[in-house]
Amino acid sequence: SDGAFAATGALQYLSTQHSVQPIAEFDPDQVYSYTVTRPLTALSGPGQRVLHWPLMEWTALRMPEAPHDLVLLRGPEPDLRWQACVEAAAGFASRLGITQVLGLGAFYAQVPYSGPAFLMGLSANPALRLRLTLLGVRESGYEGPTGFLTALVDGTHKAGIPSAAIWAAAPNYLPATSNPRLAAALLAIAERLLGQPLERGELEQAGR
């Protein structure tokens with residue numbers, strides 16, 4: 001879920017602020033149905049086109065001034081083999097020594113673009129759950145069909161890694177519009193949970 005591109009905007013911003021190194025990816029032929037998640041075509045010159053295939057990629061962010069480096073997993077949610085993807089992601093996170101997993105998302109709702117961002121979250125870890133509440137993140141009570149982010153947070157929690165997901169509510173009357181203000185709000189919560197600065201000043205300025 002990526003309403004107003006808030007989640008991908010947050011991760012893209014982090015990638016532009018730090019040294020990024022791709023370290024792994026899921027095989028797109030194994031996890032995507034191209035009739036559902038289609039590749040994108042772009043002009044590269046007169047009569048020439050480039051195909052951009054959907055990709056779920058891991059990248060490492062070097063943060064020498066912070067207590068921890070970061071590892072990002074981003075891309076369209078898979079169409080196929082969700083359980084295998086979750087198992088592979090949880091196993092890879094464990095091998096990397098990841099100590100905390102934060103999932104970022106956004107959904108469209110009947111909220112105004114002005115005023116404080118409306119944030120919801122979930123975590124099965126008691127300490128993270130309490131911290132989300134103290135940070136003003138409303139606990140999600142949703143039941144029903146869910147997205148890959150929820151499955152990923154569940155899988156990493158079961159693998160013994162403290163995990164949480166945070167969603168921002170985007171105005172439903174501004175579809176397909178980038179909202180850096182919501183991206184900054186997601187990073188503000190992530191910053192508190194991670195215990196290290198994420199240098200979100202430019203993103204907040206863009207939101208204003």
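Which residues in α4 meet which residues in α6? Before selecting anything, note that this is a predicted model, where local features need pLDDT of at least 70, side-chain atom pairs count only at pLDDT 80 or more, and totals for chains, interfaces and linings use all residues. Residues are numbered from 1 along each chain as its sequence is written, and side-chain values use heavy atoms, with hydrogens and water left out.

**First stop: two helices.** Select α4 (residues 126-134) and α6 (residues 180-194), helices being DSSP runs of H or I with at least four residues, numbered from the N terminus, and strands runs of E with at least two. Show Leu128, Arg131 and Leu132 of α4: they meet Ile189, Arg192 and Leu193 of α6 (contact means heavy atoms within 4.5 Å).

Now look along the pair. Their axes lie 11 Å apart, at an angle of about 135° (axes are lines fitted to C-alpha atoms over the stretch in contact, and angles run from 0 to 180 degrees between N-to-C directions).

**Second stop: the core.** Next, find the largest nonpolar core, with 33 residues, and select Leu14, Leu104 and Leu187, those with the most contacts inside it. Such a core is a set of buried Ala, Val, Leu, Ile, Met, Phe, Trp, Tyr and Cys residues joined through side-chain atoms within 4.5 Å, buried being under 20% relative accessible area with a 1.4 Å probe, protein chains only. Helix α6 supplies the largest share of this core, nine residues.

**Last stop: leucine 14.** Leaving aside neighbours within four places in sequence, Leu14 is in contact with Leu61, Leu70, Leu72, Leu187 and Leu198. Then move to a second, separate core of eleven residues, among them Val31, Met56, Cys85 and Phe92.

Key
Buried < 20%, exposed > 50% of the residue type's maximum accessible area, 1.4 Å probe, protein only.
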